[in-house]
Amino acid sequence: ILDDPDLKDIDPTVLKHCHAAAATCILEAGKQNADISAISTCLEDCKLDKERIEQFCTEYQKNKDALEILLGSIGRSPLHITDVSWRLEYQIKNNQLHKTYQPSYLVTLNVENSDSGSHPDISFSCTMEQLQDLVGKLKDAAKSLERATQM
Amino acid sequence: KLNIGVDIIQHGVEGLVYLLTESSKLMASIPFDKEFGISEVDFQDSIHVLGFSDELNKSLLQLYLDNRKEIRSILGELAPRLPSYHSLEWRLDVQLASRSLRQQIKPAVTMKLHLNQNEDQTAQVLQTDPATLLHLIQQLEQALGEMKMNHCRRIVRNMK
C-alpha cells in the first residue's frame, strides 16, 4: 500500500491507520460472521456516507468465503496427516538370522505441523495382520463420520 | 563345584552359545525345516569334527533340538528394525469455534498411534480431515491387496 502511486500524496502514517482500521473491521466482521446489515450499521455509526458503505460491503461479500477459510486455518492443532506411502517387502535374511522369509509393510505418514508447516514423516513397519487392524480401525472412524453427518 | 578354572568354563559357555546360535541361524540345504534351523543330520555332522564322545554329541544334539525355536525367535528380535505398529485409537472431533473464527463446523479425526521401538512404546497424537481419511483407507487397502496379487504370491512361493 505504501508503494501505490495513487496514494503517494497521503501522509504514510494516516495510510497505516486507515489500513489497520480497515483490516480490523474486516477481520472482526469475518470472525463474528456478521451479516451486511450489521456491518452497515456499524459503519453508519462511524459516520461513513452511504456510497462508501455500499462499496465496502460489496467488496466484503466478494471476499467473505476466502476470508472465512483463512481465519479457520489459523490456530493450533495436532500434527496433521496429509498423505501416506507404503512399501511391501519380503525379508530373506539378516545378519542375525538367515532364511527369515517374512513379508512386511513399511508405512510412512506424511505429516504437517500447523505452525512450521513441515515435520519429519512418521514411519513404521507392520505385518499384514497389523495393517488389516489399522485399516479396520480407520474404516470404523470413517463409518462413524458418515453416521454423524446423517444425524 | 566343577573344580575347573573360570576361564575354561567361560570359553565352554561361549563355545556352546556360538554353536547353538550359529546352528539356529543357518539353514542348511534339504532336508531342512523352515521353522527350526539346520537339520539334525547337519548338526551331527558339524559337531562330529570336534572329536567329542558319542554321548556328548547326543547331549549337544538334544540341547540344540530343544532350544532352537526359542533361539531363532530371540535372534529375530535383534535384527535392525523400524518402530513397529502396535495399535491405533481414534475419535471424531468437530471444531465449533476458535480464537480467529466463531461459528465453525470443522470435522476432524484425532488419532493416537501406538508404536513399539525396541521395547519402548511411543504414542503419537495425529489428526486428519475426512477427505484425507478416505484417501488413507483407499491407499492402505491397495497395499493389503498387493499381497494377494500373483506377483507377490509367486515370489513367496519360489523363495523358500
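**Exercise 1. Strand pairing between the chains and within chain B**

Task: Determine how many bridges join β1(A) to strand β3 of chain B, and which way the two strands run.

Solution. Step 1. Strand β1(A) is joined to strand β3 (residues 120–128) of chain B by 2 bridges, and the two run parallel. Two strands are taken to pair if DSSP finds at least two bridges between them. Helices (H or I, at least four residues) and strands (E, at least two) are DSSP runs, numbered from the N terminus.

Step 1. Within this topic, A:H80 stands opposite B:Q127, a residue of β3(B).

Step 2. Inside chain B, strand β1 (residues 84–95) and strand β2 (residues 106–117) run antiparallel and are joined by 11 bridges. Residue B:Q95 has B:K106 in β2(B) as its bridge partner.

Step 3. Strands β2(B) and β3(B) also run antiparallel, with 9 bridges between them; B:K112 has its bridge partner, B:V125, in β3(B). These two strands form a hairpin with 2 residues between them, and B:N118 in the turn has a positive phi of about 45°.

The model is a predicted one, in which local features need pLDDT of at least 70 and side-chain atom pairs count only at pLDDT 80 or more, while totals for chains, interfaces and linings use all residues. Residues are numbered from 1 along each chain as its sequence is written, chains are lettered from A and ligands numbered from 1 in the order in which they are written, and side-chain values use heavy atoms, with hydrogens and water left out.

**Exercise 2. The layout of chain B**

Task: State how many helices and strands chain B has, and what pattern they follow along the sequence.

Solution. Step 1. Chain B has 5 helices and 3 strands.

Step 1. Along the sequence, the pattern of chain B is α-α-α-β-β-β-α-α.

Step 2. Of its 160 residues, 31% count as buried (buried means under 20% relative accessible area, exposed over 50%, partly exposed in between, with a 1.4 Å probe and protein chains only).

Step 3. Take the contacts in chain B between residues at least 6 apart in sequence: 40% of these join residues at least 24 apart. A contact here means heavy atoms within 4.5 Å.

**Exercise 3. The interface**

Solution. Step 1. Chain A gives 54 residues to the contact and chain B gives 59 residues.

Step 1. The size of an interface is often given as the accessible area lost when the parts come together. Between chain A and chain B the buried area is about 5300 Å², with carbon and sulfur atoms giving 70% of it (the accessible area, with a 1.4 Å probe, that two parts lose on being put together, summed over both).

Step 2. There is 1 salt bridge between chain A and chain B: A:K139 pairs with B:E141, and their closest N and O atoms are 2.3 Å apart. A salt bridge is a side-chain nitrogen of Lys or Arg within 4 Å of a carboxyl oxygen of Asp or Glu.

Step 3. On the side of chain A that touches chain B, at least two residues each come from α1, α3, β1 (79–91), β2 (102–112), β3 (122–126) and α4 of chain A. Helix α4(A) supplies the largest share of that side, 15 residues. By type, the side of chain A that touches chain B has 29 nonpolar, 17 polar and 8 charged residues. Here Ala, Val, Leu, Ile, Met, Phe, Trp, Tyr, Cys and Pro count as nonpolar, Asp, Glu, Lys and Arg as charged, and the others, Gly among them, as polar.
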